Amino acid sequence: MKAVLFDMFGVIARVQSPESMAVLERTAGADPDRFWAAYWSERPPYDRGEVTGPDYWQAVCAHLGIPPDRRLTEELTAADLRSWSEIDQRMVDLLGRLADQGVVLGLLSNIPEDLAARYEATQPWLERFAVRGLSCRIGSAKPEPAAYQWCVRELGLPPEEILFVDDRAENVDAARRLGLQGHVFTSPEELRAALEAALA
């Protein structure tokens with residue numbers, strides 16, 4: 001193994017907390033089940049960079065039957081960005097140790113442009129990654145094969161020399177089908193042990 005390709009959310013950054021999800025639900029003023037169905041069903045084009053943030057939220061509001069306006073879309077965008085902004089410092093520290101050991105680091109994240117720009121402006125540890133495969137800029141998202149293939153090309157390594165780390169088994173399975181090694185993330189401690197074994 002010469003490189004580790006990391007997922008962002010659920011691995012390095014935390015997924016949305018119940019509190020942040022409740023803020024979004026209250027801001028939209030919608031039934032939670034209906035809100036999240038609309039949120040995720042409209043998300044893929046936003047993650048791929050095919051629509052802007054305001055367009056995404058207008059589509060969500062249309063799905064819910066809520067008349068969108070500029071104030072509401074701005075409030076929803078702000079609440080959404082905050083909900084994805086909590087970092088696991090243990091993972092940031094691990095990235096630093098791996099980089100110091102000479103391990104090549106890559107990032108493959110399903111992320112909209114608004115959130116990507118926020119991370120680039122506030123998280124200097126992103127510079128640790130030799131390759132950043134952000135779905136909004138590469139035009140494909142996990143588990144689509146093209147997303148992994150883009151990262152493999154940019155890393156310039158055979159797939160079997162790359163370990164892909166993601167908290168979703170379906171995304172890891174998709175990587176394995178393309179010849180990458182895979183690890184389903186559950187905790188920094190378990191990942192650290194797996195990396196130590198792979199690098200031994």
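Reader: Which helices do the buried residues of H4 pack against?

Author: Helices are DSSP runs of H or I with at least four residues, strands are runs of E with at least two, and both are numbered from the N terminus. Buried means under 20% relative accessible area, exposed over 50%, and partly exposed in between (1.4 Å probe, protein chains only). Contact means heavy atoms within 4.5 Å. By these rules, the buried residues of H4 pack against H1, H2 (32-41), H3 (43-47), H5 (70-83) and H7 (113-122).

Reader: What kind of model is this?

Author: Residues are numbered from 1 along each chain as its sequence is written, and side-chain values use heavy atoms, with hydrogens and water left out. Local features need pLDDT of at least 70, side-chain atom pairs count only at pLDDT 80 or more, and totals for chains, interfaces and linings use all residues, because the model is predicted.

Reader: How many Å apart are the end C-alpha atoms of H4?

Author: H4 covers residues 53-64, which is 12 residues. The expected span of a helix is 1.5 Å times one less than its number of residues.

Reader: Within what arc do the buried residues of H4 fall?

Author: The buried residues are Gly53, Tyr56, Trp57, Val60, Cys61 and Leu64. They line one face of H4, because seen down the axis (by the directions from the helix axis to the C-beta atoms) they fall within an arc of 135 degrees.

Reader: Which residue just after H4 takes a positive phi?

Author: Look just past the end of H4. Phi is about 75 degrees there, and the residue is glycine 65.

Reader: How are H1 and H5 oriented to each other?

Author: Axes are lines fitted to C-alpha atoms, for helices over the stretch in contact, and angles run from 0 to 180 degrees between N-to-C directions. The axes of H1 and H5 come within 9 Å and cross at roughly 175 degrees. Angles under 35 degrees count as roughly parallel, over 145 as roughly antiparallel, 65 to 115 as roughly perpendicular and the rest as oblique. H1 and H5 are therefore roughly antiparallel.

Reader: Which residues of H5 make the contact with H1?

Author: On the H1 side there are Ser20, Val23, Leu24, Thr27 and Ala28. On the H5 side there are Leu72, Glu75, Leu76, Ala79, Asp80 and Ser83.

Reader: How is H1 oriented to H2?

Author: Their axes come within 10 Å and cross at roughly 100 degrees. That makes the two helices roughly perpendicular.

Reader: Which backbone oxygen does the side chain of serine 20 reach?

Author: Serine 20 is found in H1 (residues 18-28). Serine 20 counts as buried, because its relative accessibility is 14%. At 2.9 Å, its side chain reaches the backbone oxygen of serine 17.

Reader: Is glutamine 123 buried or exposed?

Author: Glutamine 123 sits in the loop between H7 and S3 (131-134). Its relative accessible area is 17%, so the residue counts as buried.

Reader: Which side chain makes a polar contact with the side chain of arginine 118?

Author: Arginine 118 lies in H7 and is partly exposed, at 33% relative accessible area. A polar contact is a pair of N or O atoms within 3.5 Å; within protein, one must be able to donate a hydrogen and the other to accept it, and residues adjacent in sequence count only if both atoms are side-chain atoms. Leaving aside neighbours within four places in sequence, arginine 118 is in contact with Leu81, Arg82 and Ser85. Its polar contact is 2.9 Å, and the partner is serine 85.

Reader: Which residues does methionine 91 touch, not counting residues up to four places away in sequence?

Author: Methionine 91 is found in H6 (residues 89-100). Methionine 91 is buried, with a relative accessible area of 0%. It touches Phe6, Val11, Ile12, Phe185, Pro188 and Leu191.

Reader: Which residue is joined to lysine 142 by a cis peptide bond?

Author: The residue lies in the loop between H8 (135-138) and H9. Omega is about 5 degrees, and the residue is proline 143.
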